[in-house]
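Here is a short tour of one protein model, written for someone who likes to know how each term is defined. Please keep the viewer open as you read.

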Amino acid sequence: MNKTKTPKVEPLVFDTYIAVIKNSVGSKMFRNFYAKISGKKKDIMRNGDLSCAFFVSSVLVLSKLIKDGHGTVNSTVEDMKKTGWKIIKKPKVGSVIVWEKITFGNGESNKHIGFYVGKNIAVSTNSNTGLIYEHHYTFGGKRKIEAIYWNDKLN
């Protein structure tokens, strides 16, 4: 009988987490989330227009860094706070950025959430295309950052 030892496999959470974020760029995967509202089917992400929290919370759940997926920035942040995420002053690779609420031409106002991947680049959803994309982490100075979050499990 051959007694070959099974090698110890140790997941590299941070490396996998960053790879999932970067490999999501260009994806439509988080564009739609359907729910029944008053008995009628509705895409509550509006074909990607409101999908930033769905994207971020899905990656965080997959990485076991929060408990549940979410459809809003506020509920995502609440879950993050309950699972050890803390506010930091400067972004570092892997941190989650929450941008302040802005009002759009149609009168709606929304916060935005995404990931910092380094070299002044963030990854989040684009409400115009519904796709995940890379952009300057301050949107070229057009959006003010409300908070930057870090979880020590990423160390």
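Predicted model: local features only at pLDDT ≥ 70, side-chain atom pairs only at ≥ 80, totals over all residues.

Residues are numbered from 1 along each chain as its sequence is written, and side-chain values use heavy atoms, with hydrogens and water left out.

**The sheet**

Six strands form an open sheet with antiparallel pairing, in the order β3-β8-β4-β5-β6-β7. Strands (E, at least two residues) and helices (H or I, at least four) are DSSP runs numbered from the N terminus, and two strands pair if DSSP finds at least two bridges between them. At the edges stand β3 (86-88) and β7 (132-136), each with a single partner strand, so one side of each has no neighbour in the sheet. On average, neighbouring strands are turned by 40° against each other, direction ignored. Six bridges join β4 and β5 in the antiparallel sense, and Ile-102 stands opposite Asn-110 in β5.

**Helices on the sheet**

| Helix | Strands touched | Angle with β5 |
|---|---|---|
| α2 | β4, β5, β6 (121-125), β7 | about 40° |
| α3 | β4, β5, β8 (145-150) | about 50° |

How many of the residues of α2 are buried? Nine of its 11 are, where buried means under 20% relative accessible area with a 1.4 Å probe, protein chains only. Among them are Phe-54, Phe-55 and Val-56. Their cover includes α1 (13-23) and α3, together with β4, β5, β6 and β7. Just after α2, Lys-64 takes a positive phi of about 60°.

**The largest pocket**

The largest pocket holds about 610 Å³ of space. Of its 29 lining residues, Asp-49, Leu-50, Cys-52, Asn-110 and Lys-111 are the closest to its centre. A pocket is an open set of points on a 1 Å grid where a 1.4 Å probe fits, with protein on both sides within 12 Å along at least five of seven lines; lining residues have an atom within 4 Å of a point. At least two lining residues each come from α2 (52-62), α3 (73-82), β4 (96-103) and β5 (109-118), and β5 gives the most, with four.

Note on methods:
Points joined across faces, edges and corners; volume = space filled by probe spheres on them. Axes fitted to C-alpha atoms, helices over the stretch in contact; angles between N-to-C directions. Contact = heavy atoms within 4.5 Å. Buried < 20%, exposed > 50% of the residue type's maximum accessible area, 1.4 Å probe, protein only.
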